[in-house]
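Have the sequence and the 3D view open side by side, and let us take a friendly walk through this protein. We will go from the whole chain to its sheet, its helices and a hairpin.

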Amino acid sequence: MTHNHDHDLTARLRSFDYPAWRARMEATGGCAHPVRLRGSSTITTTSGEVLAQRSGEVWAPCGNRRDTVCPACSHRYAADAFHLIRAGLAGQERGVPASVTDRPRAFLTLTAPSFGSVHTRRLTARGRVVPCRCGAHHQANDPNIGGAVDHDTYDYTAAVLWQAHAGKLWARFAIALRRALAARLGVSGRRFGQVARLSYAKVAEYQRRGLVHFHAAIRLDGPDGPADPPPAGITGEGLHDAVREVAAATVLDVARPDGTTLALRWGTQLDLREITPTAHNAVTDEAGEITDSRLASYIAKYATKGTGKTDGHPDRPIRSLTHLEHLTLADHHRQLIETAWHLGGLPQYVELNLRKWAHMLGFRGHFLTKSRAYSTTFRTIRSERRAWRLTEQLDQLGHPADEPVIVVNDWHLVGIGHHTDTDRELALAHAERIRDDRRAARRTP
């Protein structure tokens, strides 16, 4: 097997079309599933002079945010997410003033409630492993950690319904938090937007038990956004108090399959800490305070994670439960997927589209969301990158960047992905080299 593998690599590197293939692959940054396009592109001046023209096949990155699907595009997504989040934390970039560091702010983690006992691994102060409820002393890499101790008593139906409504539960929490802050300012909930604005960026992360929890950076602004100072009636401590109060009281009632009411709430493990404007080399400093830059990196990292069980877990929607027979899945995650699939077939849950999201264990929300005025947007960041590349190209053509040009693209799809496993392996290796080089550059003083 190794001999054949080495032979395939050697043959590919010596093939006549390798230079052209490598140029297209490198243009995508080593994308694992490039979008292959064929057509033409022309750049002309406003007077009609042709500055550049190309035709044939080009590749575009797939843009998938998940590291298990495409490491190259996931890395790019995390970098964009970092700048988006950091702009709202530290300011001084992308239209967000540095004064946002003086606002009432908080880093919040909201978890899912318990739906039954799961295997855990906890350590004593002396580092000894505390026995799990099952009586075992689990190792750190034990695949059973996070899985149900008793699959028969674990409430998989409630777990999937909570997961499917997690985004709506957050929306209800945010509305209630605005009302709670309005009460502290002595105004009605409807008038809150006239005196203040709640800005946030949040990311969903899967726990080992297969349920998401939300990390959120929250900031209180004036009504016009980050450039507008917040009202003086609320301090950082007041914001924290309001968050705790609302998180404990937020509830969303949904119906179980038998028609009984299921009250969806947040878990009791709420983590709430102050964000400081200092920049250290850790998410928290020696005093346990969270810092701007590391927090942005921390949140962005989780925006690219999968369900927490990467080995054998489906990266894309499944077509039927027979699909699962060919996958190596933890029993707990298999149960969650099967429950989501079965619930998705019931008429009362049609709008949840659970079969489409069964591979995501029922979670249907976006992994990174933000309020409108928190900071910049992914679209703006990506538009800036395209503009920078066009400026660089015009500079190479000797055309002034401040003079307008006309770009005409005519491309059509011819395929997605690499033709062979060898090509994909070479692309992944190229992406890994890029990440290693960037990590080395960051470590260099």
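**Getting started**

This is a predicted model, in which local features need pLDDT of at least 70 and side-chain atom pairs count only at pLDDT 80 or more, while totals for chains, interfaces and linings use all residues. Residues are numbered from 1 along each chain as its sequence is written, and side-chain values use heavy atoms, with hydrogens and water left out.

The protein has 11 helices and 14 strands. These are DSSP runs numbered from the N terminus, with at least four residues (H or I) for a helix and at least two (E) for a strand. Of its 445 residues, 44% count as buried, where buried means under 20% relative accessible area, exposed means over 50%, and partly exposed lies in between (1.4 Å probe, protein chains only). Among contacts with a separation of 6 or more, 68% join residues 24 or more positions apart; a contact means heavy atoms within 4.5 Å.

**The five-stranded sheet**

In what order do the five strands of the open sheet stand? The order is S10-S3-S7-S6-S13, and the pairing is antiparallel. Strands S10 (271-273) and S13 (368-370) are at the edges with a single partner strand each, so one side of each has no neighbour in the sheet. From one strand to the next, the twist averages 15°. Strands of a sheet pair through backbone hydrogen bonds, either parallel or antiparallel.

Look now at S6 (residues 197-206) and S7 (residues 212-221), which pair in the antiparallel sense over 10 bridges; two strands pair if DSSP finds at least two bridges between them. Here Leu198 stands opposite Leu220 in S7.

Two helices pack on this sheet. Helix H5 (residues 166-185) touches S3 (105-110), S6 and S7, and its direction makes about 155° with that of S6. Helix H7 (residues 236-249) touches S3, S7 and S10, and its direction makes about 20° with that of S3.

Axes are lines fitted to C-alpha atoms, for helices over the stretch in contact, and angles run from 0 to 180 degrees between N-to-C directions.

| Helix pair | Axes come within | Crossing angle |
|---|---|---|
| H5 and H7 | 9 Å | roughly 135° |
| H3 and H10 | 10 Å | roughly 115° |

Which residues bring H5 and H7 together? Among them are Phe173, Leu177 and Leu181 of H5, and Leu239, Val243 and Val246 of H7. In H3, Arg76, Tyr77, Asp80, Ala81, His83 and Leu84 meet Phe378, Ile381, Arg382 and Arg385 of H10.

Strand S8 (residues 252-255) has a covered face, Leu252 and Val254, and an uncovered face, Asp253 and Ala255. Four bridges join S8 to the antiparallel strand S9 (residues 261-264), and Ala255 stands opposite Thr261 in S9. Five residues lie between these two strands, and in this hairpin Gly259 takes a positive phi near 95°.
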